[in-house]
Amino acid sequence: MALSTAPYKGARDFYPEDQRIEMYIFFVWREVALKFGYEEYNASIIESEELYLSKTSQEIVNEQTYSFEDRGGRKVTLRPEMTPTVSRMVAARRQELAYPLRLFSIPNVWRYERPQRGRLREHWQLNVDLFGVSELAADHEMIILADSIMQRFGANRDSYSIRINSRKLIDHLLKTRYSMDEENALAVIRLIDKKNKMTKEVFNDGLQKLVHSDHIEELTGILDANDFSSLPDDVRALPSAQQIHNLQMLLGRVGITNVTFDTSLMRGFDYYTDIVFEMFDTAPENNRSLFGGGRYDGLVGLFGVEPLPTVGFGMGDVSIRDFLETHKLLPEFGTTVDVAVLIVGNHYEALVELISDLRSEGIHVAVDATDRKLDKKIKSADKSGYKKVLIIGDNELKIKRVVLKDLETGQETSVSFANIADKLFS
Ligand code: HAM
């Protein structure tokens, strides 16, 4: 049986037409991150398995990691996210680095998920993280940066919405107000995180098992509240609730008004400690998360160094591409080849200097020195998406001129060797 040409399930091949889109997305991500003062870093895709066992998401560790033993018997994992890696890197140089520290990266990450629209087993994810700022200014900067990316892509603010919440607030309610222990409180948070993936009955059943009956009504009311004013007065007065309110006001000041306070937004990871946020496409056919993040003040400290206040987010290429396609925001990308040189006859050796000179002038040149007939070469050039070709045969070589053919109009012009660059860009 012949070998399959399909890529691994849930992974993608990027032919040039896909890679051009990918590069455009990365270009915008990079441009905006740099504009906000972030510097790029990178790391290996393989990490030791223990990095993920301590404090990430239960679902990711138990069900979604690609873990295996290397030939030396070490347990290793293909990174399912970048946050543990960047925390490890910062912890390794905790004393030497200067803060505030702004870092970004565009890693490929792997999760064993059920492939479906917007969700694959590998994706590229912009990670933006700010270390050393405990003030609200850091949370504010994250959301402005993510919004700037969307603006740079040409998106309208009514095509995406930003939800924010405070894990600290929910923690306070569960642990202080309802006197729940750590374990039960975490179980409630995980249940709320899955709320939208289950029926109301299953969710309520789960709550009843975990929360004392005296508090269920209030908690349900708070989880259903989707703005600050519908929270009970004494909850609104809590510092964590005030912070969220402030954040929303500060975002409004720079025109980011598509923000909702969503008390049921948990974000699956156990490491988030305070404000969390997530952005969604408002188009119903594409209601996926475009980016998600939050404050995780405890992760760097897990490596045995002094803890660092940190906030960051991840934005995936799959959902961004779906978003750009859904909202018709993807520019048309053609080939990056400026011209193809079609050599007719056995003249490659006579033309090496000319071709080299064209490249030195910054022209992207593809050469066809095969011995096929000219019409075949023109057809192939057209199929490759090239717009212009230079035809050079016996006669052209003798008089040191080429035929410049525009494949879109069919127009042919005779151009001297010395004038090719000028003519191509005129
Ligand atoms: P996350 O919410 O798991 O967060 O992922 C962030 C984004 O990555 C999502 O909003 C989505 O765009 C994309 N994404 C996640 N899983 C998939 C998948 N299976 N297929 C396609 N796209 C996906 C994190 O990973 C956190 N580590 C982000 C973070 C950085 N928090 C702080 N700093």
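# Close-up views of a predicted model

View 1. Across the protein, the count of aromatic pairs comes to 15. In one of these pairs, the ring centres of Tyr-8 and Tyr-66 lie 6.2 Å apart and the ring planes meet at 70°, so the pair is edge-to-face, a term used here for planes over 60 degrees apart. Because Tyr-8 lies in the segment before α1 (16-35) while Tyr-66 belongs to strand β3 (residues 66-69), the pair ties together parts that are 58 residues apart in sequence. Tyr-8 is partly exposed, with a relative accessible area of 41%, whereas Tyr-66 counts as buried at 15% relative accessibility.

**View 2. The pair of Tyr-66 and Trp-110.** Tyr-66 also forms an aromatic pair with Trp-110, and this pair is edge-to-face, with 5.5 Å from centre to centre and 80° between the planes. Which parts of the chain does the pair link? Tyr-66 is in strand β3 and Trp-110 is in strand β6 (residues 108-110), so that distant parts of the chain, 44 residues apart, are linked by this pair. Both Tyr-66 and Trp-110 are buried.

**View 3. Two charged side chains over aromatic rings.** In this view, the charged end of Arg-163 sits over the ring of Phe-280, at 4.0 Å from the centre of that ring. A second example is given by Lys-195, whose charged end sits over the ring of Phe-203, 5.6 Å from the ring centre.

**View 4. Helix α6 and its two ends.** Helix α6 covers residues 167-177, and its buried residues are Arg-167, Leu-169, Ile-170, Leu-173 and Leu-174. At the N-terminal end, α6 is capped by Ser-166, which has a side-chain oxygen 3.3 Å from the backbone nitrogen of Lys-168. With a relative accessibility of 59%, Ser-179 counts as exposed.

**View 5. A positive phi at Arg-267.** Arg-267 is a residue other than glycine, and its phi has a positive value near 60°. The loop in which Arg-267 is found runs between β9 (259-261) and β10 (275-281). Is Arg-267 buried or exposed? Arg-267 is buried, because its relative accessible area is 11% and buried means under 20%.

**View 6. A cis peptide bond.** Tyr-99 and Pro-100 are joined by a cis peptide bond, for which omega is about 0°. Pro-100 lies in a loop, the one between α4 (83-92) and β5 (101-105).

View 7. Arg-253 has its place in helix α11 (residues 239-253), and at 71% relative accessibility Arg-253 counts as exposed. How far apart in space are Arg-253 and Ile-343, C-alpha to C-alpha? The distance from Arg-253 to Ile-343 is 62 Å, while in sequence they are 90 residues apart.

**View 8. The whole protein, as a setting for the close-ups.** The protein has 16 helices and 17 strands. Its radius of gyration is 28 Å, well over the 22 Å that the globule rule gives for 426 residues, so the protein is more spread out than a compact globule. Along the principal axes, the C-alpha trace spans about 95 × 55 × 50 Å. Of the 426 residues, 48% count as buried. The protein exposes about 21800 Å², of which carbon and sulfur atoms supply 49%.

Technical notes
Residues are numbered from 1 along each chain as its sequence is written. Side-chain values use heavy atoms; hydrogens and water are left out. Rings of Phe, Tyr and Trp (its six-membered ring) pair if their centres lie within 6.5 Å; planes under 30 degrees apart count as stacked, over 60 as edge-to-face and the rest as tilted. Helices (H or I, at least four residues) and strands (E, at least two) are DSSP runs, numbered from the N terminus. Buried means under 20% relative accessible area, exposed over 50%, partly exposed in between (1.4 Å probe, protein chains only). A charge sits over a ring if NZ of Lys or CZ of Arg is within 6 Å of the ring centre and within 35 degrees of the ring normal. A polar contact is a pair of N or O atoms within 3.5 Å; within protein, one must be able to donate a hydrogen and the other to accept it, and residues adjacent in sequence count only if both atoms are side-chain atoms. The radius of gyration is taken over C-alpha atoms; the globule rule is 2.2 Å times the number of residues to the power 0.38. Accessible areas come from the Shrake-Rupley method with a 1.4 Å probe; for residues, only the protein chains shown count as cover.
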